[in-house]
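Student: Can we go through this one together? I'd like to start with charged pairs, then move to the ligands.

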Amino acid sequence: MKKKWPLWIGGQWQEAKTYEPLYNPHTDEELAEIGQAEPADAELAITNAHEAFQTFKSHPAHARAEILAKAADIIEQHGEECAKIIALEGAKSIRNAREEISRTVQTYQFAAEAAKSNYGEQIPMDAAKGGENRFGFTIHTPIGVVTAITPFNFPFNLVAHKVGPAIAAGNSIVLKPAEQTPLSSLLLAEIFQEAGLPDGVLNIIPGKGEVLSKTLTGHPYVKNVTFTGSVEVGHIIQQQAGFRKLTLELGSNSPLIIDEGADLEKVIEPSVMGSFSYNGQVCISIQRIYVHQSLYQEYLNRFIKRTKELVIGSPLDEQTNITAVISKKSLDRLQSWLEEAVKEGAKIECGGTVEGNIMAPTVLTNVNRDSKVFRSEIFGPIVCIFPFDTLDEAINDANDSRYGLNSGIFTPSIERAFYAAQRLETGGVIINDIPTFRIDNMPYGGWKDSGVGREGIKYAMHEMMEQKFISFKLNEH
Ligand SMILES: NC(=O)c1ccc[n+]([C@@H]2O[C@H](COP(=O)([O-])OP(=O)(O)OC[C@H]3O[C@@H](n4cnc5c(N)ncnc54)[C@H](O)[C@@H]3O)[C@@H](O)[C@H]2O)c1
Ligand SMILES: O=C[C@H](O)CS(=O)(=O)O
């Protein structure tokens, strides 16, 4: 599969000045050579997107929907090939990669539907004195050039959450995928061309975030910046974007509460999977589990037993659960955080070992609340488990975080479920399931440092549009 991939600008492959090798994180084998965009390429892509927008903004909704639905069909037809790309460049297990592709197909289908459902609102004008004899309503209009900067961990579906709504809205896009997983994005070039997207509406420019950032966030043609990634980079982008419309989907250290009376039979499997799926490299991966004292020891024993059964291996092996983390840098960080946590009092109940680029799934107890594994986002195969006595204590602990993406609670009590749902400081509260639950049409985004704005296709589409209010005064007869 080794191939040189140029940049996709204005509906054509354009040579880059430099190329960098892309490696498989599991085998270290070279997969391809990826063109590295420079600021001048970003500027060219933005100019092309701006020109394409002048006609695409008038493309009717049914035609935009058709393009998106066709792209979904093409991805579905090439599902296995696309999943393999994710497994190779992201070291994601092939089963998880297939799940991502199947979600991506749905995400583009939702985008096709959203293109046809761009509703405004009727305002009851005569509710205000002086508003009599007027009609008032809102419309949402395309905004122009959207720049999208995306992370490595869901290289198809999280890109779909930006490309899909941008096209649904009638915008044009410049996409800068993550350095580690550019192939999943580059495949979209010909997929969307085949689906009938006019040239220049989608531009794909792999490259280094810090090199391209100022152009992508600050060029005068750029009207909307949509970013998914770490809090640290999110803050840089927010400062650079200034008054532009901005969506930031950032990190978290998601909590799960297992309340008194919860049925452990229903809790163990999802909570293990939610902690270790894709080695914990999921923004809503479970990082902190709070278990009621009455269930704590049994839960811990069963959780550890199931964790030890997870299969460590090659991403392409059908049985594999745990694979290499995305980079040596990430592995070094995880190891140093683990060592620090142990020095600060944590007990390793299982895992903690490293072989090659793989960290065994690791369960910690007795974690100090000042340790990085508690305070910061681990984004790796480490989970912390704590006992609690009262639900208030668990909720307060869960809220003791700078992040607030999703939280979860298993409880047999409706009252306690809603009591917790009202008090948990997160963008989503998932009752009787794990915080890692997400379907692609639900509103999704963070409180606190976890972000600004919402995705979930129709929500993202409106974030990428301008709202206009129109008032119509009726002439008196
Ligand atoms: N909330 C969500 O929906 C969501 C989803 C997935 C991942 N994430 C978060 O993403 C992070 C992991 O992904 P990652 O390691 O790819 O994140 P990252 O922040 O390192 O990189 C994300 C993107 O930002 C680019 N980038 C890096 N430095 C930049 C700069 N100075 N200016 C502009 N762009 C820059 C990268 O090239 C990449 O394309 C985690 O924190 C995870 O929680 C959040
Ligand atoms: O990594 C964070 C993602 O938002 C998870 S998911 O793809 O949406 O499930």
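Student: Which side chain does Asp 263 meet in a salt bridge?
Tutor: The side chain of Lys 266, at 3.9 Å from N to O. A salt bridge here is a side-chain nitrogen of Lys or Arg within 4 Å of a carboxyl oxygen of Asp or Glu. This is a predicted model, in which local features need pLDDT of at least 70 and side-chain atom pairs count only at pLDDT 80 or more, while totals for chains, interfaces and linings use all residues. Residues are numbered from 1 along each chain as its sequence is written, chains are lettered from A and ligands numbered from 1 in the order in which they are written, and side-chain values use heavy atoms, with hydrogens and water left out.

Student: Is Lys 266 buried or exposed?
Tutor: Lys 266 is exposed, at 59% relative accessibility. Asp 263 is partly exposed, at 38%. The classes are buried under 20% relative accessible area, exposed over 50% and partly exposed in between, with a 1.4 Å probe and protein chains only.

Student: How many salt bridges in the whole structure?
Tutor: A search of the whole structure gives 23. Among them is the one between Glu 318 and Arg 98, at 2.8 Å from N to O. Glu 318 sits in the loop between α10 (293–309) and α11 (328–343) and Arg 98 in helix α4 (residues 94–115), so this pair ties together parts 220 residues apart in sequence. Helices (H or I, at least four residues) and strands (E, at least two) are DSSP runs numbered from the N terminus.

Student: And how accessible is Glu 318?
Tutor: Glu 318 is partly exposed, with a relative accessible area of 36%. Arg 98 is also partly exposed, at 29%.

Student: What does Glu 269 pair with?
Tutor: Arg 306, in a salt bridge of 2.6 Å from N to O. Arg 306 is in helix α10 and Glu 269 in helix α9 (residues 264–276), so the pair ties together parts that are 37 residues apart in sequence. Both belong to a network of salt bridges that also links Lys 305 and Glu 309. Glu 269 is partly exposed, at 34% relative accessibility.

Student: Switching to ligand 1. Which residues come nearest?
Tutor: Thr 150, Glu 179, Ser 230, Leu 250 and Glu 377, out of 28 residues around ligand 1. A residue is near if one of its heavy atoms lies within 4 Å.

Student: What is the make-up of that shell by class?
Tutor: It has 15 nonpolar, eight polar and five charged residues. Ala, Val, Leu, Ile, Met, Phe, Trp, Tyr, Cys and Pro count as nonpolar, Asp, Glu, Lys and Arg as charged, and the others, Gly among them, as polar. α7 (209–218), β11 (222–228) and α8 (231–241) each supply at least two residues of the shell.

Student: Which polar side-chain atoms lie by an oxygen of ligand 1?
Tutor: One belongs to Glu 179, at 2.4 Å from a ligand 1 oxygen. For Glu 377 the distance between a side-chain N or O atom and a ligand 1 oxygen is 2.5 Å, and for Lys 176 it is 2.9 Å. A polar contact is a pair of N or O atoms within 3.5 Å; within protein, one must be able to donate a hydrogen and the other to accept it, and residues adjacent in sequence count only if both atoms are side-chain atoms.

Student: What surrounds ligand 2?
Tutor: Arg 103, Asn 153, Phe 154, Leu 158, Val 282, Cys 283, Arg 438 and Tyr 444. For Tyr 444, a polar side-chain atom is 2.9 Å from a ligand 2 oxygen.

Student: How much of ligand 2 does the protein bury?
Tutor: The protein buries 96% of the 280 Å² that ligand 2 exposes when taken alone. Accessible areas come from the Shrake-Rupley method with a 1.4 Å probe, and for residues only the protein chains shown count as cover.

Student: Last topic. Where is Ser 172?
Tutor: Ser 172 is in strand β9 (residues 172–176) and is buried, with a relative accessible area of 0%. A polar atom of its side chain lies 2.8 Å from the backbone oxygen of Ala 49.
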